[in-house]
Amino acid sequence: MGGNHFYLTKKDGLYSNFIIDLLPEGNGLLYVSTTKGDKGAVQQLELSSGKFKTCIEGSGTYNLIKPGDGKVYLFKEKGKTKQQQLFEFDTQTGRVGHKVFDLKKDWVYKTAIAADGKGHFFTGSTELQVIPLYNEMQYPLKVPSLQGKISHIKFDSQGRLWVGNPYKQLFRLTLSYKDNGTVKVEKVDDFSHLIKEYIIEALFFDQKNTLWIGTKSGDLLHIEKSDRYKEAVVYPSLTVGYGESSQLNEDSNGVIWNTSSTGLYKYVPRQNKTSRKGQATYRFFDFGKANTLSNWVSTPVFQTGNNEYYAGTQNGLLFFKDSQTDTLPPPRVTLTQASVNDSLFYGFGEEKHTLKDHQNNLHIVFSALSFTDEDAVQYSYRLVSSHTKKNAFGWSAPSSQNIVNFANLQPDNYIFEVRALGLNGKWGRPSIATFSIAPPWYKTWWFALLCILAVALAVYSIFKMRLRSINRRRTNQKLREMDSFKSRFFANISHEFRTPLTLITAPVEKYLSQPNLPAEQKKDLTTINQNADRLLGLVDQLLDLSKLESGHKKLQVEQGNLYRLMQQLADAFWYQAEQKQIDYSVELEETNVVWFDRDIVEKSIINLLGNAFKYTPKGGSVVFSSERKNGTFELSIENTALHFSEEKKKQLFNRFHQEDDNADGTGIGLALVKELITLSHGTISVTNVGTDRICFTLSFPIEEKAYAPEERIEKSTETLPEIEVKRMKGISVEERTAAKKPSQKLDEDSRILLVVEDNAELRAYLCDIFSDAFAVIEAQDGEEGWEKALKWVPDMVISDVMMPKKTGLELCDDLKTDPRTSHIPIVLLTAKSGEENQNTGLQTGADDYITKPFKTKHLKQKVQNIIATRQRLRERYRQEIVLMPKDLAFSSTDESFLQRYRTYWKRNSPHPILVLMHLVRNWE
């Protein structure tokens with residue numbers, strides 16, 4: 001080697017001469033880890049100046065590692081406490097980041113730490129371990145247990161994990177972040193037949209992603225094809241005896257450098273592919289110590305330039321030159337520091353930077369590493385204006401000065417170049433840094449364009465604002481006219497409805513007030529009166545919605561006894577609770593005189609209580625409660641019902657919203673309640689309670705200060721009006737039974753009519769009008785109708801279409817497709833008019849489809865005609881000797897049944913009793 005080497009030692013600022021790790025970084029920085037007794041330190045070496053800066057110092061030893069995820073980590077070991085810690089390390093600042101993990105039980109080798117960049121750290125100790133960085137991993141892994149001392153872990157460029165231990169075992173793991181994070185494990189062959197002592201001391205992947213294995217014997221194994229890892233090339237050791245702690249690295253020429261306790265080796269990959277053996281090109285003993293082995297090279301060899309290298313030893317930081325190279329190229333210049341306006345500027349020379357117009361004073365420091373005489377290095381630089389293609393400064397005269405300053409640079413694009421002069425008189429390739437100085441904002445092209453656009457935009461905005469203002473006035477005028485028209489329309493139609501309804505209810509109430517009114521007439525008149533009131537309520541709701549939409553509905557808040565109003569409203573529903581056998585509970589908090597809008601509160605409570613009793617099943621419960629809270633009043637109505645989904649809760653208060661076409665009601669009530677409560681500065685919400693209950697909650701203010709003066713009506717509290725609430729009463733079961741006409745006795749000879757209708761009043765009316773001609777059976781929904789049809793097999797079925805549980809169309813389809821009931825004629829009643837709806841009903845097999853409201857005489861005549869037609873057909877075919885199913889059957893089910901009957905009759909006609917017994921057994 002001659003004299004082409006030198007050391008940096010403790011006298012040069014090194015913490016200790018025993019170097020255990022090196023980490024070269026950009027910008028001419030090198031991190032050096034040393035140890036002294038039970039203490040250690042990490043120092044930052046500026047290669048250009050040879051100055052050391054201590055970053056970390058303390059007890060234990062420190063190694064800087066790159067596990068494969070693109071980051072640098074500080075690995076700290078304390079031998080006495082057997083504690084190991086891994087921290088993130090910022091190579092730009094030399095500072096320690098947050099702790100990654102802390103191991104106190106199993107001792108982890110510093111060569112057995114790897115990371116996949118997806119949140120997993122792999123460590124080797126007594127077994128292979130996976131340490132996730134986060135509690136919830138995006139890419140979970142299921143790594144199998146690899147028992148035994150794991151001493152080396154390494155990722156190749158394809159993301160495969162190589163795991164080795166001192167016991168002649170090497171594994172390759174293929175990680176899959178899909179399919180629940182499975183890991184494929186492949187064991188590499190034992191190479192003991194190639195090497196006398198196959199104990200793994202180092203794993204290294206070169207630039208071609210091929211694997212080099214350092215061994216205890218000093219021999220190297222080279223697996224040239226990673227996919228054919230059962231084959232290896234042996235590079236035998238040049239020493240007698242064992243090496244120790246091999247450290248492998250590769251230089252820019254593809255040469256592998258191997259350091260160990262026995263010396264320093266240089267390996268050139270084999271060129272003869274037919275040979276299964278490679279050879280070491282050179283062997284270097286320790287430098288300047290007369291071939292003794294005391295100067296252990298303890299770190300990998302790193303390259304600074306062509307044939308210029310450095311490595312850590314027990315006696316300091318060694319810089320040396322490979323003397324086997326005949327040519328001596330000029331030094332390569334490195335930009336080590338830059339300042340802009342006396343402030344450090346990081347990353348100068350690594351990429352193009354753009355400076356602001358005032359950042360025009362530049363200070364640049366550069367250096368070149370030489371193994372001969374650093375003071376003899378000569379530099380030359382220039383600054384080129386790339387925008388004007390002219391030199392702002394030509395090449396400077398050669399000088400040993402490695403600092404240059406530029407002041408008051410004009411806005412432009414620049415290229416800074418610096419080169420070094422070699423001992424052979426030739427200039428080396430220059431190092432380049434590109435940067436730009438931006439012009440002031442008021443001189444940029446985009447500012448001029450922005451000014452033009454701003455003027456154009458201002459003119460356009462003024463024009464659009466004028467046009468929008470004109471259109472808005474026109475639109476507002478049309479909306480006001482439309483709102484006025486809608487309000488007048490609903491007011492007029494309300495008046496038109498109210499007049500005939502008054503003419504209906506007035507005579508009815510007159511007759512209902514008469515004593516000794518026959519029960520049947522009283523029932524009919526009560527039905528008329530109740531449905532007229534219901535129709536009037538719907539008209540009022542539509543009118544309220546119209547007023548709310550047009551803004552004509554105003555708050556009329558006054559003082560009143562809210563408790564008395566709620567109590568009377570609650571009492572109005574006791575009758576319905578008794579009729580439906582509902583457990584009705586009223587828990588109201590007494591209040592003094594408070595401020596509220598009586599009309600809004602009354603309509604809201606009636607709507608919500610009405611819905612609660614309407615949808616609560618027989619035997620369920622309804623709870624009406626209230627509570628005063630901080631100037632507001634909260635009403636809760638809880639009842640037994642199916643839970644609402646989150647989607648249904650969002651749509652529940654929309655106007656005219658219904659679950660499906662078969663849902664009962666108009667979809668107005670809840671929408672009206674929400675808008676009325678919102679107008680009253682309150683809120684409404686619905687929640688699911690328990691497993692089978694829902695709860696509607698109203699909340700509105702009851703203090704005077706919550707309402708504007710124009711929303712309040714001042715009245716004396718001494719003359720508060722009495723509250724009148726109409727009782728929610730219907731026709732009782734007893735009254736209906738007393739007024740009901742006697743039906744025919746249900747026996748074998750009577751004709752049976754099944755009436756299926758969910759509206760109790762309409763069902764009772766249909767039973768009455770047919771009670772003189774049929775034995776009438778009634779059902780309140782399609783499911784009950786199906787059960788009673790199977791039990792009684794009626795002669796006729798009259799069914800509503802829209803019903804809960806099972807619709808009339810579904811009931812008709814079930815009856816017509818079942819052999820036991822397919823012969824029964826069916827008449828459907830529906831509120832849906834139109835040819836399409838009629839066709840739908842008839843396609844299910846219904847004999848007729850009648851829309852509501854219907855004429856009683858018309859309905860009775862249709863039923864009579866259907867019965868008469870069926871009777872004539874029975875009489876005709878009773879006299880026929882030969883039955884033809886196609887002439888007789890009314891449906892495919894009937895035809896199939898008669899065909900089977902005819903076939904069986906032909907086979908067994910001499911035995912009529914046998915035929916009858918077979919028909920009875922197979923009727924089902």
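**Terms and values**

Reply: Of the 924 residues in the chain, 43% count as buried. This is a predicted model, in which local features need pLDDT of at least 70 and side-chain atom pairs count only at pLDDT 80 or more, while totals for chains, interfaces and linings use all residues. Residues are numbered from 1 along each chain as its sequence is written, and side-chain values use heavy atoms, with hydrogens and water left out.

Me: What makes Glu757 count as buried, and what makes Lys852 partly exposed?

Reply: Buried means under 20% relative accessible area, exposed over 50%, and partly exposed in between (1.4 Å probe, protein chains only). Glu757 has 1% relative accessibility and therefore counts as buried. Lys852 has a relative accessible area of 26%, so Lys852 is partly exposed.

Me: Why is the contact between Glu757 and Lys852 called a salt bridge?

Reply: A salt bridge is a side-chain nitrogen of Lys or Arg within 4 Å of a carboxyl oxygen of Asp or Glu. The closest N and O atoms of Glu757 and Lys852 are 3.5 Å apart, and the pair forms a salt bridge. Glu757 lies in the loop between strand 44 and helix 9, and Lys852 in the loop between strand 48 (848-851) and helix 13 (856-878), so the pair ties together parts that are 95 residues apart in sequence.

Me: How do you know that Arg382 and Glu417 form a salt bridge, and where do the two residues lie?

Reply: The closest N and O atoms of Arg382 and Glu417 are 2.6 Å apart. Arg382 belongs to strand 32 (residues 378-385) and Glu417 to strand 35 (residues 412-421), 35 residues apart. Arg382 is partly exposed, at 21%, and Glu417 counts as buried, at 11% relative accessibility.

Me: What is the N to O distance in the salt bridge of Asp848 and Lys862?

Reply: The distance is 2.9 Å. Asp848 is in strand 48 and Lys862 in helix 13, 14 residues apart. Asp848, at 16% relative accessibility, counts as buried, whereas Lys862, at 24%, counts as partly exposed. By the salt-bridge rule the count comes to 23.

Me: Why is strand 7 described as largely enclosed by the rest of the structure?

Reply: Five of the six residues of strand 7 (residues 73-78) are buried, so strand 7 is largely enclosed. Helices (H or I, at least four residues) and strands (E, at least two) are DSSP runs, numbered from the N terminus.

Me: What makes strand 7 a partner of strand 6 and of strand 8?

Reply: Two strands pair if DSSP finds at least two bridges between them. Five bridges join strand 6 (residues 61-65) to strand 7, and the two run antiparallel. Six bridges join strand 7 to strand 8 (residues 83-90), also antiparallel. Thr61 has Glu77 in strand 7 as its bridge partner, and Tyr73 has Glu88 in strand 8.

Me: How do you know that helix 9 is mostly covered?

Reply: Eight of the eleven residues of helix 9 (residues 760-770) are buried, among them Leu762, Cys767 and Phe770.

Me: Where in the chain is confidence lowest, and where is it highest?

Reply: The term pLDDT is the predictor's confidence in each residue, from 0 to 100. Confidence is lowest in helix 8 (residues 733-739), at a mean of 46, and highest in strand 44 (residues 752-756), at 94. The mean pLDDT of the chain is 78, and 76% of its residues reach 70 or more.
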